[in-house]
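Student: Please take a close look at one ligand site in this model and describe what surrounds the ligand.

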Amino acid sequence: MKYMSSAGDYRVEQPGRLIVRAARISHGLRWPFIGALSATVTATLVRLLGPLVVRGGIDEGITLGDKSAILAAAGIYVGLLVVQYFATALSQWSVSYVGERYLVQLRSRVFSRMLRLDMGFFSRSKSGVLVSRMTADIESLQEFASDGAVMALSNLLTVVGVAVAMGLVDLTMALAVFGIVTVLLVVSVIFQRQARKAYDRVREQIGRVLATLQEGITGVRVVQAFTQEGSQASTFGRINEQHFDANMAAARAISWYFPVVAFLRVVAVVSALAIGTSRVIDGTMTIGTLVAFLLYLDWFFQPIINLSNVYNLLQSALAALAKLFGLMDEKVEVDERPGAYDLAEPVRGEVGFTSVEFSYDSDVAVLHDIDIAVAQGERVAIVGETGSGKSTLAKLAMRFYDPSSGRVTIDGVDLKDLTHRSRLEAMALIPQDGFLFSGTLRENLAYAKPGASDDELWEVLSVMGIAQWVRSLPDQLDTEVRERGSRFSAGERQLVALARAFLADPSIIVLDEATSNLDPETEEKVETALATLLAGRTSIVIAHRLRSAERADRVILIDSGAIEADGTHDELIAGSRRYAELVEVWQRGLA
Amino acid sequence: MATIITIPYMVGIVIDRAVDPSNPSIVWTVLGGMVLAGSIQAVGISLRRYFGFKLSYRAEADVRNRIFAHIQRMAFSFHDVTSTGELMARASSDLSQLRLILAMLPITLANIVMFLVVSLVLVVIDPVLGLVASLMVPALLFASARFANRVVGYSFDLQQRLSELSHVVEETVSGIEVVKSYGQEAQQQGKLDHKAEIIYDSAMGMAKERAIHRPLFEIIPALGTVAVLAVGGIRVVDGAVTIGEFVAFTQYLAVMVLPLMITGWFFANLPRSAAAASRIDRLLETAPEIRDPRRPVDLKPGPGEIKMENVSFTYPDGTEVLNGVSLTIPGGTSVGIVGGTGAGKSTLAHLIPRFYDVSDGAILIDGVDVRDVRLDQLRSEVSVVFQETFLFSSTIADNIRVGDPMASDEQVRAAARLARAHDFICAMPEGYDTVVGERGATLSGGQRQRVSLARGVVRDPRVLVLDDATSSVDAVVEAEIQEALRQVMSGRTTVIVAHRTSTLAIVDNVAFIEGGELVAFGPHESLLRDVPRYGEVLAATEEGAGL
Ligand SMILES: Nc1ncnc2c1ncn2[C@@H]1O[C@H](COP(=O)(O)OP(=O)(O)OP(=O)(O)O)[C@@H](O)[C@H]1O
Ligand SMILES: Nc1ncnc2c1ncn2[C@@H]1O[C@H](COP(=O)(O)OP(=O)(O)OP(=O)(O)O)[C@@H](O)[C@H]1O
Ligand SMILES: [Mg+2]
């Protein structure tokens, strides 16, 4: 399959590859990273010294009854704590700095990569999924960056450090504790497996909950119109319940793990005490050593619990990275090739299709044997049945897709040889659904020409005959158009989309049923405006109305993806039976 | 909980035996006791956690269901001004915030009791050392509350900014055709980078607070240990406490750290959760503007006469659309609604099934004010095909069945045939089971519109409202649909918003709206003849019609 996704090449099972690649993307973060690393190591080492100081205080001071030794030990400890505070604070801050900076870079990279992808990619992806790449997935990296990274590093160092320190303090007792820790590790691994599965399910379910929620909100008008509120709510309730079940599965895993850990901790303390007291009685161990050992014990268990949490964070972070890289590896089907060049100025605006074939999925050809030559300044109407491939033709002219075979050209140059910039400056498409962005009317009008002055806007509006209307709006150009422009009527949205296109001032303009919701009178005005604003430009107009066909220099009739007839209106009436039939239907409608 | 308190104490006893081994056998008893206490503690934690989770997840799921059901019932006017993102936030981040607090509540209560008991035990063992060690409780509580409190602001901002960023991505993806048509990738990228940068600012603000406070969570207990070492050590030397009691103190400090942090976190999060709760509450408390009448009148079977009496309508933001429209559509007849762009045709159509309530005047169906009828009854009698097509991302059959969930396969097919959708649906690899992309993205514009039309006619309503429902289909198909509509229209009242004369030719009457008023009402031909403006709006002037 041509459009098969290449995502998923990266598996979480290859964490090494993922991390190396993740590191390669960053720039300017090496030294901050090294700084963060050293601060973390320092903080951990200093922390490890604490119990040794306590041991000194007990053995030199308390046992011997030397108060000044006790105070000296306390003093040293306070000194260490001051160092520890600053080292820890620095490590926290610098790790976050590195992580957050990195995420800014990553977000930008992923998004710019996504923007380069072709329309095929967008039409087969769910917007919710793409949004969650940029949000949920990057947030799980963010969580790891702000919480996990420091925790991982310092806890790992702590565990290793404590193990070494314990071994140095008393090997036999350390070995007994290590035995218990081995049990803890096994238990943790089992928990980990279970928890990861549970959390994966939770994530999957929350995704479904949110997607259903979103569709329930965007489609609410249809739901109400057909009184489906109840059935929608029960569908949602079912999905929500599955999310609850997933949460409970995770809760069950957590509910046995942490108590077991707490119990093992008690067992460790008990064994340390059992061995320790008898050795203190023997005289082979000081009471200070035993206390130090007990203090170390605490620093053994908490970090291991923390590490198992961190491991969770790390897993989701790696999974997120894998998905992000999957997106970044998505093949750009429609890309600017190396050595692409600009159109020679001035752009004439000739459009050509030569033996073009195209299919969305490899099995069904939507267009075949398309040969069209549109001359400079010519106005061509494309007519044909719904679903015959007219919009697809327009999309190929815009190079939203590349043809499976054949060539699409501007001024004789294959679109594939042109720079994106040059192509886009030359052409504008007004798509069937003129999407408006939430924001003000001004922002939407000036979308294709950021920074256009109000005078320019008003000029286009008045040529189109809608300046009066805009003036009647409560906030004029500053009117909020709301999500998808829902503040306006359908026709008004089309007018805004048209004005937006005229402002872009392209050499070639493609109108895909851009006036379908307008009343005929307004449509006339717009067509007149089009003639004024685009005098001498090439235009391709897809329309279902006779008048558009009549007004065009030439009409192309598409039928099931092939050109059925091509010529002036009058030629076609005479030469094409199908066209003549179509005109008859139109005229019947007008009578 | 009691077990948490006893274990450090037992540690103390064991140590004392070690120092003074006069009665060694008790050591083993105590150690055994510790293991027993440990197991009881484990079971306790386990149950507490499990039920804490269960309670809070249950509450979360229930409230989420309520929010969803509520959103589904809110009127169009509410949805016109409330963004999708805002509603999503209520049912996701606000709700999780609430759940966390709920889950922590029993644990926090238990912890508070524990601190009190531990402090008491410590003071009883040795008042001086007890006071010194207990100082850690307020210090750590204060530090963690202060931390959480400072972070709340940032994390609120962060949440806000993240949702703004997700809005940018969402719009870019939904509007990708426009973005690509104008090559405005850089503009979208700029918007995103800006959001990412301010997210960075919030995150770093948080990081700063974390850097300042987090280390305190280690340092304060360590300072407690130092204090116990200094004060306790001296008291051991003075013989006021035993070495075992001294060690017990250090152990108490160790077990209290985590509960203290959690408790501090809990209190600092309270205001934030309260805010989330009040936002959710406000949403749930906002009654739908359009709701069932207190004493509903049954809409008895009838011909479907629609009567508008002096209807005026103004949108909540002050846009006046209709002004004193009065008209009667006799039952079983069809009426075309004609008017310029933005004249208020859709608005008028939306008033019939009460998507909005009239600002003034009344609309009656078969003599009953629509405001006196139960909503589900009213809307099951009035079927609307919207001007803007919205399809759910499920199969074509499911999309048609939204119109009538009980419809048999045969009825679904019949509706599709009527909307001239059957042929193209059958040509698709999976026929009626083809899943259409989001909002129907993998269908052509005309195909989408025909599915939506099929959805509107699959049921058997008394009143059928078609709002420009064939704007994207070609003339041939449109003519076929009109032919089919003739059958559908018989025996029911049909309201058709249309611009094309071909459609207007098949309706009994036309209502012509301009300037918010009903300018003319009557058959198409007579309006063409008598009302010059009508002909102009349809551009059906002599030269036009002649072609
Ligand atoms: N993204 C897509 N993926 C797969 N198939 C598609 C996609 N977009 C369109 N199609 C299919 O390709 C065919 C041609 O669609 P196209 O949108 O070009 O038709 P059209 O002639 O513009 O129709 P209309 O007049 O209804 O707009 C249709 O059968 C449609 O279902
Ligand atoms: N939710 C809204 N809030 C405020 N004003 C609105 C809202 N929806 C529509 N309007 C305004 O009300 C007027 C009537 O809108 P309506 O959608 O009824 O027009 P219409 O006659 O159906 O136009 P069209 O032919 O373009 O579909 C328009 O000027 C529009 O800008
Ligand atoms: Mg409308």
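Tutor: Around ligand 1 there are 20 residues, and Lys390(A), Ser391(A), Thr392(A), Ser444(B) and Gly446(B) come nearest; a residue is counted here if one of its heavy atoms lies within 4 Å of the ligand. The model is predicted, so local features need pLDDT of at least 70 and side-chain atom pairs pLDDT 80 or more, whereas totals for chains, interfaces and linings use all residues. Residues are numbered from 1 along each chain as its sequence is written, chains are lettered from A and ligands numbered from 1 in the order in which they are written, and side-chain values use heavy atoms, with hydrogens and water left out.

Because the residues surrounding ligand 1 come from chains A and B, the site is shared between chains. Polar contacts (pairs of N or O atoms within 3.5 Å) involve both chains. From chain A, a polar side-chain atom of Thr392(A) lies 2.4 Å from an oxygen atom of ligand 1, and one of Ser391(A) lies 2.6 Å from an oxygen atom of the ligand. From chain B, an N or O atom in the side chain of Gln447(B) is 2.8 Å from a ligand oxygen atom. On its own, ligand 1 has 630 Å² of accessible area, of which the protein covers 89% (Shrake-Rupley method, 1.4 Å probe).

Two or more residues of the shell are given by each of helix 10 (390-397) of chain A and helix 15 (445-457) of chain B; helices are DSSP runs of H or I with at least four residues, numbered from the N terminus. By class, the shell has 14 polar, 3 nonpolar and 3 charged residues, with Asp, Glu, Lys and Arg counted as charged, Ala, Val, Leu, Ile, Met, Phe, Trp, Tyr, Cys and Pro as nonpolar, and the others, Gly among them, as polar.

How values were computed
Polar contact = N/O pair within 3.5 Å; in protein donor to acceptor, adjacent residues only side chain to side chain.
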